[in-house]
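Here is a short report on a predicted model.

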Amino acid sequence: MDVQSITGPAPIVQRVPGSFWFVGCGNMAGAMVEGWRLAGMDLSSSVGIRPSARPVEGLRTVRSLFEAGCPPEYMLLGFKPQLLDEVAPDLRRFSDGAVIVSILAGVELASLAARFPGARAIVRAMPNLPVAVRRGVVALVSDDVDEALRQRLGERFRQLGTAIWSPNEASFGAVGALAGAGPAYVARFIEALAAAGQARGLDPALALTVARETVFGTAWLAASTGELMDEMVARVRSPNGTTEAGLAVFEAELPSLIDRTLAAAGRRSAELAEAARQIDSPATLA
Ligand SMILES: NC(=O)c1ccc[n+]([C@@H]2O[C@H](COP(=O)([O-])OP(=O)(O)OC[C@H]3O[C@@H](n4cnc5c(N)ncnc54)[C@H](OP(=O)(O)O)[C@@H]3O)[C@@H](O)[C@H]2O)c1
């Protein structure tokens, strides 16, 4: 007998169409809110739920689920993965019939489905911080969205930059591994480039501006022209020139460094997934 039949049918709840509960609204969910506001999305019927109740521009913000009012169409899980089992039991009181969109790193669809068995659909999204300026990358995956919902969610997430529906969680994980943490790696690269400029006598602020604008301009140029990276490199390096001398060092180290970086993040993601698999009986959450 499943949980539905033990507890009786879920009450009929009038959900506000298109509205969101941002359950946890810190750095990442807050960046998504910013991006959607920039895109002109009306969030007036959406609610940010965070223990601090710190205000989030454009949203009504409350301390707990029980102050949030009429349940929404979409519930975006934006807290830390380790809090899943603290939040899930209360959230289950409201989640039947809602679309659960989880940005929790590592937590798999099956683990979410076990905790929210009455949800209309379960979606994993892996966004990155540039969603705040509508230039993010968002990986999406779901086993149970219908075509209409898939289109609607795709459109909604495209307002934040590039949205990519993945065919399965493995490919979702690969896109997420690059995109989710990518801004932190790129930020460290910019910092290292700036530090090298500083070591060569540049003022720190100037070095940072030069490094940041070089990365930004390169990405912008590549995105505008669609040029391949090899073509870009060929347009900068000249045979036996200074760039070529630098690249000889850089290219020897970089692929292995990036691979080890992503492997370490992947191992941590597997640990989070394993921890979230631990509770597999929805009955224990009732
Ligand atoms: N940061 C990224 O670049 C990034 C990228 C992709 C995915 N993610 C995922 O996004 C999630 C959040 O990461 P973050 O960097 O945004 O962390 P964060 O800034 O620390 O935000 C966490 C949010 O969870 C709230 N929270 C804490 N306890 C809660 C509870 N019991 N119920 C509801 N909300 C609670 C916090 O409330 P207060 O605001 O009141 O403290 C805060 O708003 C993680 O699962 C992470 O895997 C992050």
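## Disulfides

A disulfide is counted when two cysteine sulfur atoms lie within 2.5 Å. By that rule, the count here is 0 disulfides.

How far is the sulfur of Cys25 from the closest cysteine sulfur? The gap is 19 Å, and the partner is Cys70.

Is Cys25 buried or exposed? Cys25 is buried, with a relative accessible area of 3%. Cys70 is partly exposed, at 42% relative accessible area.

## The largest nonpolar core

The largest nonpolar core holds 32 residues. Phe22, Met32, Trp36, Leu153 and Phe157 have the most contacts inside this core.

Among the elements giving two or more residues are the helices α2 (27-38) and α5 (147-158). The strands that do so are β1 (16-23), β4 (72-77), β5 (99-102), β6 (121-126), β7 (136-142) and β8 (161-165). The largest share, 6 residues, comes from α2.

## Around Met32

Which residues does Met32 touch, leaving aside neighbours within four places in sequence? Met32 is in contact with Leu76, Ile103, Pro127, Val131, Phe157 and Leu160.

## A second core

A separate second core has 29 residues. Its members include Leu77, Val87, Val107 and Leu112.

Methods:
Residues are numbered from 1 along each chain as its sequence is written. This is a predicted model: local features need pLDDT of at least 70, side-chain atom pairs count only at pLDDT 80 or more; totals for chains, interfaces and linings use all residues. Side-chain values use heavy atoms; hydrogens and water are left out. A nonpolar core is a set of buried Ala, Val, Leu, Ile, Met, Phe, Trp, Tyr and Cys residues joined through side-chain atoms within 4.5 Å. Buried means under 20% relative accessible area, exposed over 50%, partly exposed in between (1.4 Å probe, protein chains only). Helices (H or I, at least four residues) and strands (E, at least two) are DSSP runs, numbered from the N terminus. Contact means heavy atoms within 4.5 Å.
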